[in-house]
Amino acid sequence: MFEVYAPASVGNFAVGFDALGAALAPIDGQLLGDVVAVQSATQDEFICSGEYAHKLPADPLENLAYQCLVHFREHVAPNMAAVRLELKKNLPIGSGLGSSACSVVATFAALDKFADTQLSQVELIELMADFEAKVSGGRHYDNITPCYLGGLQLTGDLIPNKSLSLPVCEQWYYVVAFPGFTLNTAKARAVLPESLSMHDSVEFAQRLSAFISLLHTQQFDAALSIMEDRVAEPHRARLIEGFAQAKQALPELGAKVMSISGAGPTLFAVCTDLTTAQQCADWLAANYINDQGFCHICQLDTLGTRVLEKEA
Ligand SMILES: Nc1ncnc2c1ncn2[C@@H]1O[C@H](COP(=O)(O)OP(=O)(O)O)[C@@H](O)[C@H]1O
Ligand SMILES: N[C@@H](CCOP(=O)(O)O)C(=O)O
């Protein structure tokens, strides 16, 4: 038996709608992501457990992890031995933390290892994106690739191998706050305009390309100064109760960036020191989250999806 862990991720990373995403690692060492455990069995078996299992449809046919197993058995590895696959659903659904991507990535990575199919990285990413697209209302890679590969990824069909890893400042802290209520990604995509004006398209391209160039040249303060979401955030802000108050309060506390993680309602702030990050986390805990919510101070998870070491 082995377990595969896939980390939560911040889609869009404010400046790269559908094109940038970052994997998260809480600095207190907690794991923030889904786990898939696989072991040999006499016939295929699927179990869904974990804190948020009860929020998923009871019918396995509607569970992405089970759908991935069925697809893998039928189309990728028909001769694979029978498997007992358990999804430990540790991330809230509709949170903006790449929850559906987490389940899909962990499941395919685990099955790929179990069956020793040795799919290429691009083949796996394609497969993962196909399944996440079934629920998210659009095909995008900005949760899949950081979740799978770790770090901050520039990602999309135009990008060689679907993803390019970007350098980030090691002193950046990411405060993420899931408020405890949910926002369906497909619904949050439906409020976006179908197209951008020429002006907005040029501005988006300038901002994203400058941001990446500044990261590569280690001009991190300048990168933070243009790290803003002018594409999705203006349309989604009204869907997220408490967004406006946080948008005002967190920069006053010293956050360099405050925006929506993925499609929301999780908010994220980028801080350049731990004291400020803690103050932002305290504010979010007191003013944004309810008793179902949580808040973490994170840095980037550079490992991505991996097999968990067994505890001694
Ligand atoms: N294993 C799974 N993990 C997450 N969502 C799943 C899973 N299986 C099915 N779903 C469905 O997919 C949808 C995911 O919603 P979405 O808003 O895209 O979540 P997130 O943004 O957190 O990925 C929900 O309707 C949920 O019931
Ligand atoms: N680029 C996507 C990201 C969705 O992330 P999720 O965690 O909310 O699923 C978007 O902004 O729609």
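Guide: Let us begin with ligand 2, which has an oxygen atom 3.5 Å from a polar backbone atom of Gly-96. Such a pair is called a polar contact, meaning two N or O atoms within 3.5 Å of each other. This is a predicted model, in which local features need pLDDT of at least 70 and side-chain atom pairs count only at pLDDT 80 or more, while totals for chains, interfaces and linings use all residues. Residues are numbered from 1 along each chain as its sequence is written, chains are lettered from A and ligands numbered from 1 in the order in which they are written, and side-chain values use heavy atoms, with hydrogens and water left out.

In Asp-142, a side-chain N or O atom is 2.8 Å from a nitrogen atom of the ligand, and in Thr-185 a polar side-chain atom lies 3.1 Å from an oxygen atom of ligand 2. On its own, ligand 2 would expose 350 Å², of which the protein buries 99%; these accessible areas come from the Shrake-Rupley method with a 1.4 Å probe.

Around ligand 2 there are 14 residues, and those that come nearest are Asn-12, Asp-18, Asp-142, Arg-189 and Arg-236. A residue is near a molecule if one of its heavy atoms lies within 4 Å of it. By class, this shell holds three nonpolar, seven polar and four charged residues; Asp, Glu, Lys and Arg count as charged, Ala, Val, Leu, Ile, Met, Phe, Trp, Tyr, Cys and Pro as nonpolar, and the others, Gly among them, as polar. Domain 1 (2-165 + 302-307) and domain 2 (173-299) each supply at least three residues to the shell around ligand 2, with the bounds taken from an automatic or database domain assignment.

We now turn to ligand 1. Of the 18 residues around ligand 1, Leu-64, Gly-94, Ser-99, Ser-100 and Thr-185 come nearest.

A backbone N or O atom of Ser-95 lies 3.3 Å from an oxygen atom of ligand 1, and a polar backbone atom of Ser-99 is 3.4 Å from an oxygen atom of the ligand. With Ser-103, a side-chain N or O atom is 3.1 Å from a nitrogen atom of ligand 1. Taken alone, ligand 1 exposes 550 Å², and the protein buries 89% of that.

Key. Polar contact = N/O pair within 3.5 Å; in protein donor to acceptor, adjacent residues only side chain to side chain.
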